[in-house]
Each structure stands twice: as C-alpha cells, then as structure tokens.
Amino acid sequence: MSQLKKQSTKTTEQRKLEYRDLLDRAETLQENEDNDFEASVAVDEILMKANELFKDSNVKDRIRNTYEVLLDARVIATSSDILLNVTEGIDCTVEAYDLDQFARRIRSKILLRESDDREENSEEEYNWSNLFPVVRKTVKYPPTFSCFYGPLGNSAVETTPPKERKVRVVNKKLDQGPRKEPEKITKVDTEEGSVDDIVKYVIHALNKEYEESGGEPVDYFKFVIDPTDFSTTVENMFHASFLVRDGRAKIISDDHGNLSLIPTSSAEIKKTKKEAVNYKQNILSLDVKTWKEAVKKYNIKENYLQKWKRK
C-alpha cells in the first residue's frame, strides 16, 4: 500500500528525460568500447541514478507509463553489457605491481648514501630500519616474556654427578665338547609293506585272476571289495587306482554300467610311454551303506585279493 500511496517528487516527463540522458551515456560508453576501470565507475553512477529514479515513481505511475519502465530496462541492459565487457577484458594473470618498481621504491626508502664512481671502495649505505614503521603493521610478532631473575633464577643450579659406566662382562662359552651330527636314516622299518610293494601285489593278483578267467575282464567290485572290512575295501580301491594312473590296468564298463578291470600288456605299456599318454588317477566314492549293498548284490564271500594272498 505504501508504494501505491507514495507521492513522486518528479513528473513522468522529467523522469523520462533523465532516463534518456542515462541511456545516452551508457550507449556512448558502449560505442566507445571503454572497458577500463573508469567505465565501470561511470556505469556505477548511471545505475545509482537509475535506482533513484525508480524509487521516485510508484506502482501506479509505472502501470500508466510503460515507456518509462522500458527506458529503465534498457538502461540496466546496456549497463550490464558494458560491465560484461569490462570483466572479460580483465587479465587475471596481470601482477598486482611491477617488481622492478617495487624494488626501486624499497631502495629509495632505505638508501642513505649512493656509491661514487670517482671514489675507490665507495659502497652504498642502507638503513633497513627505515622499513620498520611500514613492516610492523603487516608482520605480527609472537608475544615474548623474560624472567625477573633470568632463565635460571638467582639460586645456584644443583648438578648431579654423572653415573658410572658399568663394565660389561662377557660370559665365556662353556666347552660343550665335539659336535655330533644326527644319524642319517637310510631305512625305515614298517609293519606293513610300502605302497609300491602293495601295488606290485595288486597287479600280480589282477594278472593271475585275468589268466585264470581265460582273458575275461575282472569284475571291479569283486576284485576290491572286502566283505568283512569296509576300511580294507577303501584301501584296495586306493591301491587299484595306482594301476590305472601308471597305465598298468584299464577300467571298462559294459552296456549295463558294470565296471571291470583289464591288465595292460607290456607292449601296450611301452607304446603309451613313447606316446607320453597322460593317465589320470580316479577313486570312486563309497560309504558304508553302499558297501553293504554291493556285498549283497554281487554275493561277495571273498574278494580276489584275499584269494591270491592266501595262495
């Protein structure tokens, strides 16, 4: 409501004339391409004057006189363009002062006497304390203090005698006699045969069973399963796997999926060694339940390894 009731001190025509004058000044600066600091100062004066004219009018005056509002907008737009050109023309890399000029001013401040070329050993004299009144305003000094009786006081300082250095006693090494080397173990006695010996017996039993059957494949489960001991069955399967790994036996299966063992002849073994055939060692998974079912299914009373071991 205050803007509506505000009384203008100038008439509309007066404000229009002043707006036109401000617009002419701004356009003159723009045409002259004045992008220096003086142009920014002039633009500041123009905007200050335009702001005063804007405050002098009220809302009703601006509604009735749209041309006055247009002049105000043109003044602001032209001034903005000038300020934009000024800011774009500023070189941010320009140093704040000339280093040579700065050095000359410092020299003139502290110089007491210039050197004379006509005199020998003539040197310039400087008084650096002349800069103190200027520098003390910018350089801050840390607070200092001093003790009334000096750093150690007025009393004598008590000194402690140095500690005596202990002589290090070197312990003599005791005579421990001649050194003895541990005995080298060349042979290990075991209750059971080594794996190689067991494998040799397994291949021997397989060959005998294969010959006795007239060259028929040997049933795998009847060969390895011990019907009385599950752990022995697992060991037999483990040893039989070495035969396959070394190429001394083959595992085949018939149309019904039954597994059988066939010993490999010496000629086949030599041939595979020349061809560098890579054999793989396989061990079947077997639990106690499956072991019992296999014993019943194949009606195993005694496996082939036990038979040939007895013979």
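Mentor: Let us begin with a definition: a residue is called buried under 20% relative accessible area, exposed over 50%, and partly exposed in between, with a 1.4 Å probe and protein chains only. By that scale Arg25 is partly exposed, because its relative accessible area is 35%. This is a predicted model, in which local features need pLDDT of at least 70, side-chain atom pairs count only at pLDDT 80 or more, and totals for chains, interfaces and linings use all residues. Residues are numbered from 1 along each chain as its sequence is written, and side-chain values use heavy atoms, with hydrogens and water left out.

Trainee: How should I read a salt bridge, and how many salt bridges does the structure hold?

Mentor: Side chains of opposite charge can pair when their charged atoms come close. The term is used for a side-chain nitrogen of Lys or Arg within 4 Å of a carboxyl oxygen of Asp or Glu, and the structure holds five salt bridges. One of them joins the side chains of Arg25 and Glu45, at 3.6 Å from N to O. Arg25 lies in helix H2 and Glu45 in helix H3, so this pair ties together parts that are 20 residues apart in sequence; helices (H or I, at least four residues) are DSSP runs, numbered from the N terminus. Glu45 is partly exposed, with a relative accessible area of 46%.

Trainee: Which salt bridge has Asp56 as a partner?

Mentor: Asp56 meets Arg15 in a salt bridge of 3.2 Å, N to O. The two are 41 residues apart, Asp56 in helix H3 (residues 37-56) and Arg15 in helix H2 (residues 12-32), and both Asp56 and Arg15 are buried.

Trainee: What should I look for in aromatic pairs, and how many are there?

Mentor: Rings of Phe, Tyr and Trp (its six-membered ring) pair if their centres lie within 6.5 Å, and planes under 30 degrees apart count as stacked, over 60 as edge-to-face and the rest as tilted. By this rule there are four aromatic pairs. The rings of Tyr220 and Phe221 have centres 5.4 Å apart and planes at 80 degrees, so the pair is edge-to-face. The rings of Phe221 and Tyr298 have centres 5.5 Å apart and planes at 20 degrees, so that pair is stacked.

Trainee: Where do Phe221 and Tyr298 lie, and is Tyr298 buried or exposed?

Mentor: Phe221 lies in helix H9 (residues 220-224) and Tyr298 in helix H12 (residues 288-298), so their pair ties together parts that are 77 residues apart in sequence. Tyr298 counts as buried because its relative accessibility is 16%, while Tyr220 and Phe221 are buried too. Ring pairs link Tyr220, Phe221 and Tyr298 into a cluster.
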